[in-house]
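Visitor: I have a model open and would like to go through a few residues. Can we start with the helices and then move on to charges?

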Amino acid sequence: MTLAGENDVLRQEAIRQAASSFVAKHGDMALERLDGEETSYDRMHEAVQGIPFLSSRKLVVLRGPGANKDFTEHFEELTSDVAETNDVIIIEAKLDKRLGYYKQLKKLTDFHDFAVLDANALARFATEYALEQGGRLRPADARLLIDRVGTNQLVVQHEVDKLLSYNSAIDHKSIELLTERTPQGSIFELLEAAFAGNTKRALAQYQEQRAARVEPQQIIAMLVWQLHILALVATAGRRSSDEVARDAHLSPYTVGKSATLARRIGLAKLKKFIRILREFDVRLKSESLNADEVVQYYLLQLAS
């Protein structure tokens, strides 16, 4: 069996269930775990070949064996050498789908790919997870939480746990009190404030980023990304947010959130400010300019 994909929460739960079920039936001595990044191919080969000790079956869990070149080169040989008494679970968080190893895993093993959830699915997960823990999280507040902490499912789960320990009924106030907004979320708020002409708020948002040790060049990169999303939405025509999100590999939530701002700004202004930001970026890389002053001047231009 192969458990792949970058969704740490779902992948780890699948590992936990498989291992605990096996141990409950065959005992702790029947489980062997090996780290593929630190273990030689010969040792992994020996483990899958070796007969069980004091048990009728053995489970061998190989974590990240694809990092071992010998393992990927001899993988087909290894699968044919697995003892009939043994079960093998291969865990690969990241796989290059262009490689033969990936194709062999799909062909020769029971392959499960745990993909990262988009924002809408993640909001449903957060709501259901809170309910399973005996708490409550409304869908609107779940979307606010994701907007603040990002779309990493493991981070969202930890944040829900933290919020539930404060109050079993998670609401807007507790989310804003106990969570920190990701830089990307703050940059969107910064743009909203600037395009609304709220210079004071926009500059305050910028200073918050600098106080959090986010460098001006990083802020420029995030501004470029946010403007890119706004431009995609502004040029979408009659396509729905879901269609734009699918084509651009973005979450529908991100696209939907950007749609209102994009309509307010208009495509002509977006093109103008993208061009100005590109010129500033070029100048920062070729001239001796104060990056802080450049970014703040740019924000003032947006607000004007």
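Guide: A word on terms first: helices here are DSSP runs of H or I with at least four residues, numbered from the N terminus. Also, this is a predicted model.

Visitor: Fine. Where is Phe-22 found?

Guide: Phe-22 is in helix H1, which covers residues 8–26.

Visitor: Is Phe-22 buried or exposed?

Guide: Buried: the relative accessible area of Phe-22 is 10%, and the cut-off for buried is under 20%.

Visitor: What does Phe-22 touch, leaving out residues up to four places away in sequence?

Guide: Its contacts are Gly-27, Ala-30, Arg-57, Lys-58, Leu-59 and Asp-87. Take Asp-87: Phe-22 and Asp-87 are 65 residues apart in sequence, while their C-alpha atoms are 9.7 Å apart in space.

Visitor: Next one, His-45. Which helix holds His-45?

Guide: Helix H2, residues 41–49. His-45 is buried as well, with a relative accessible area of 13%.

Visitor: And which residues does His-45 touch, with the sequence neighbours up to four places away left out?

Guide: Glu-77, Leu-78 and Asp-81.

Visitor: Is Leu-54 buried or exposed?

Guide: Exposed, at a relative accessible area of 71%.

Visitor: On to charges. How many salt bridges does the count come to?

Guide: The count is 12 salt bridges. One of them is between the side chains of Glu-13 and Arg-16, at 2.7 Å from N to O.

Visitor: How are Glu-13 and Arg-16 placed in helix H1?

Guide: They are three residues apart in H1, so about one helical turn separates them. Glu-13 is partly exposed at 31% relative accessibility, and Arg-16 is partly exposed at 46%.

Visitor: With what does Arg-138 form a salt bridge?

Guide: With Asp-141; the closest N and O atoms are 3.1 Å apart. Asp-141 is buried, at 5% relative accessibility.

Visitor: What about Asp-292, which residue is its salt bridge with?

Guide: Arg-210, with 2.8 Å between the closest N and O atoms. Asp-292 is in helix H16 (residues 291–303) and Arg-210 is in helix H11 (residues 199–211), so this pair ties together parts that are 82 residues apart in sequence. As for cover, Asp-292 is partly exposed with a relative accessible area of 24%, and Arg-210 is partly exposed at 22%.

Visitor: Which residues do salt bridges with shared partners join into one network?

Guide: Glu-32, Arg-43 and Lys-58.

Visitor: Last topic, the surface. Which residues gather in a patch of positive charge?

Guide: Lys-269, Lys-272, Arg-275 and Arg-278 gather in that patch. Among them, Lys-272 lies in helix H15, residues 267–286.

Visitor: How does Lys-272 count for accessibility?

Guide: Lys-272 counts as partly exposed, because its relative accessibility is 40%, and partly exposed is the class between under 20% for buried and over 50% for exposed.

Key
Residues numbered from 1 in each chain as written. Predicted model: local features only at pLDDT ≥ 70, side-chain atom pairs only at ≥ 80, totals over all residues. Heavy atoms only, no water. Helix = DSSP H or I, 4+ residues; strand = E, 2+ residues; numbered from the N terminus. Buried < 20%, exposed > 50% of the residue type's maximum accessible area, 1.4 Å probe, protein only. Contact = heavy atoms within 4.5 Å. Patch = residues over 30% accessible without salt bridge, like charges linked within 9 Å, V, L, I, M, F, W, Y side chains within 5 Å. Areas by Shrake-Rupley, 256 points an atom, 1.4 Å probe, with all protein chains shown as cover. Salt bridge = Lys/Arg side-chain N within 4 Å of Asp/Glu carboxyl O. Lys, Arg positive; Asp, Glu negative; His and termini not counted. Charge placed at Lys NZ, Arg CZ, Asp CG, Glu CD.
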